[in-house]
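User: I have a model open and want to go through it piece by piece. Can we start with the charged side chains and move on to the helices after that?

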Amino acid sequence: MVREATDYTGKIDAVILTIREDEDAAVKARLGQFEQVVGEATYQVGRIRGNKRDWTVAVHCIPAQGNGPAQQSADAAIRDFDPNLLLLVGIAGAVPSNDFSLGDVMVATSVADLRVQALDPDHRQEFDTRTPQMHHGLVDRVSNLSPMPGWSSAGSIRLPCPGVPLAAD
């Protein structure tokens, strides 16, 4: 049965946006059972068990890469659910390296919009890397995370590390 987004307005703890199919499948695997919900976009809504409480989450796979589709999906999710939290999960267009890989968690304290650009007098392209102010409370908490002993131990990670298929170029 397909439900209307209005049934969940104000009741969603978090909207999780994904871009790649494998990212979307990994998030949905955490949901277990979910139901399809339709508003301005189509979502899968389910529950994720937390340490202190369960979370009601809506997952939406953004139909295409890029700032435009991501912004449209975020706007639709906010209008559909008025969620407490909006997350974009995935590898953010990055290539796994020794510094980070699939499954790592990174939290941005700023986002640069590299679409804002100008030409200097010598016709060289310049980008505006100033970022809009992010929520002060979020930046403060992320900037002051205390060390979490054992957070990356095999016992605390319940799912196997995803494989990274690399094609020979």
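User: Is R3 buried, partly exposed or exposed?

Analyst: This is a predicted model. In it, R3 counts as partly exposed, because its relative accessibility is 26%.

User: What does the side chain of R3 meet in a salt bridge?

Analyst: The side chain of E35, at 3.4 Å from N to O. This pair links distant parts of the chain, with R3 in strand β1 (residues 3-4) and E35 in strand β3, 32 residues apart. E35 is partly exposed, with a relative accessible area of 23%.

User: Which residues are linked with R3 in a network of salt bridges?

Analyst: D7 and E35 are linked with R3 in that network.

User: How many salt bridges does the count come to?

Analyst: Nine. Among them are two that involve R20: one with D22 at 2.7 Å, N to O, and one with E23 at 3.8 Å, N to O.

User: Helices now. Which residues of α1 are buried?

Analyst: Helix α1 covers residues 21-31, and its buried residues are E23, D24, V27 and L31. They cover an arc of only 100° around the axis, so they lie on the same side of α1. E21 and A29 are exposed on the other side of α1.

User: Why would residues three or four places apart point the same way?

Analyst: Because an α-helix has 3.6 residues a turn.

User: What do the buried residues of α1 pack against?

Analyst: Strands β2, β3, β4 and β5. Just after α1, G32 takes a positive phi of about 70°.

User: And α2, what span should its residues have?

Analyst: Helix α2 (residues 67-81) has 15 residues, which should span 21 Å at 1.5 Å a residue; the end C-alpha atoms are 21 Å apart, so the two agree.

User: Which residues of α2 are buried?

Analyst: A70, S73, A74, A76, A77, D80 and F81. Their arc around the axis is only 165°, which puts them on the same side of α2. Q72 and R79 are exposed on the other side. The buried residues of α2 pack against β2 (14-18), β3 (34-38), β4 (42-49), β5 (54-61) and β6.

User: Switching to the strands. What is V37 in contact with, leaving aside neighbours within four places in sequence?

Analyst: R3, E4, A5, Y8, T42, Y43, V45 and F81. V37 is in strand β3 and counts as buried, because its relative accessibility is 0%. The C-alpha atoms of V37 and A58 are separated by 8.4 Å, and these residues are 21 apart along the chain.

User: Where is T18, and is T18 buried or exposed?

Analyst: T18 is in strand β2. It is buried, with a relative accessible area of 0%. Leaving aside neighbours within four places in sequence, T18 is in contact with E23, D24, V27, H60, C61, I62 and V89.

User: Last one: which residues form a nonpolar patch on the surface?

Analyst: W55, L85 and L87, with about 230 Å² of accessible area together. L87 is in strand β6 (residues 85-88) and counts as partly exposed, because its relative accessibility is 33%.

Methods
Residues are numbered from 1 along each chain as its sequence is written. This is a predicted model: local features need pLDDT of at least 70, side-chain atom pairs count only at pLDDT 80 or more; totals for chains, interfaces and linings use all residues. Side-chain values use heavy atoms; hydrogens and water are left out. Patches are made of residues with over 30% relative accessible area and no salt bridge: like charges are joined within 9 Å, nonpolar side chains (Val, Leu, Ile, Met, Phe, Trp, Tyr) within 5 Å. Accessible areas come from the Shrake-Rupley method with a 1.4 Å probe; for residues, only the protein chains shown count as cover. A salt bridge is a side-chain nitrogen of Lys or Arg within 4 Å of a carboxyl oxygen of Asp or Glu. Helices (H or I, at least four residues) and strands (E, at least two) are DSSP runs, numbered from the N terminus. Buried means under 20% relative accessible area, exposed over 50%, partly exposed in between (1.4 Å probe, protein chains only). The expected span of a helix is 1.5 Å times one less than its number of residues. The arc is that of the directions from the helix axis to the C-beta atoms. Contact means heavy atoms within 4.5 Å.
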